[in-house]
Amino acid sequence: MQKPSLDPDVADCAPNEPALTAYDEQHVVTYIRLLQAEGEGADWREVARVVLHMDPGREPDRAQTAYQSHLARAKWVTEQGRLLRGAGSK
């Protein structure tokens with residue numbers, strides 16, 4: 001795994017592949033930040049603005065789609081993809 005960026009730009013939609021991708025590896029910090037924000041009850045609009053670098057006031061549909069797809073991918077990565085738990089974990 002290559003070293004992830006601390007604050008990378010994101011695509012409009014996260015991957016939906018059945019395996020981990022290079023995009024997932026590059027966005028592990030983004031996924032962690034999204035999961036933390038959800039756990040803290042943060043408003044999705046603020047998360048989209050700060051974490052995803054999207055303006056929900058100007059592009060609400062794009063920002064919400066990006067937020068939802070990246071949060072879903074973050075959950076998949078931790079539950080199924082094992083990227084955040086380590087490849088040897090079960």
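## Backbone: positive phi

Helices here are DSSP runs of H or I, at least four residues, numbered from the N terminus. His53 also has a positive phi, near 60°, and is a residue other than glycine. His53 sits in the loop between H3 and H4. His53 counts as partly exposed because its relative accessibility is 34% (buried is under 20% relative accessible area, exposed over 50%, partly exposed in between; 1.4 Å probe, protein chains only).

This is a predicted model: local features need pLDDT of at least 70, side-chain atom pairs count only at pLDDT 80 or more, and totals for chains, interfaces and linings use all residues. Residues are numbered from 1 along each chain as its sequence is written, and side-chain values use heavy atoms, leaving out hydrogens and water.

## Helix H2

H2 covers residues 28-39. Its buried residues are Val28, Val29, Thr30, Tyr31, Leu34 and Ala37. They pack against helices H1 (22-26), H3 (44-50) and H4 (60-81).

## Salt bridges

The structure holds 10 salt bridges (a side-chain nitrogen of Lys or Arg within 4 Å of a carboxyl oxygen of Asp or Glu). Asp43 pairs with Arg45, closest N and O atoms 3.0 Å apart.

Glu46 bridges to Arg49 at 3.5 Å between the closest N and O atoms. Both lie in H3, 3 residues apart, about one turn of the helix. Arg58 and Glu59 meet at 4.0 Å, N to O. Arg58 is exposed, at 62%; Glu59 is partly exposed, at 27%. Shared partners join Asp12, Glu46, Arg49, Asp55, Arg58, Glu59 and Arg62 into one salt-bridge network.

Note on methods
Helices (H or I, at least four residues) and strands (E, at least two) are DSSP runs, numbered from the N terminus. The expected span of a helix is 1.5 Å times one less than its number of residues. Contact means heavy atoms within 4.5 Å.
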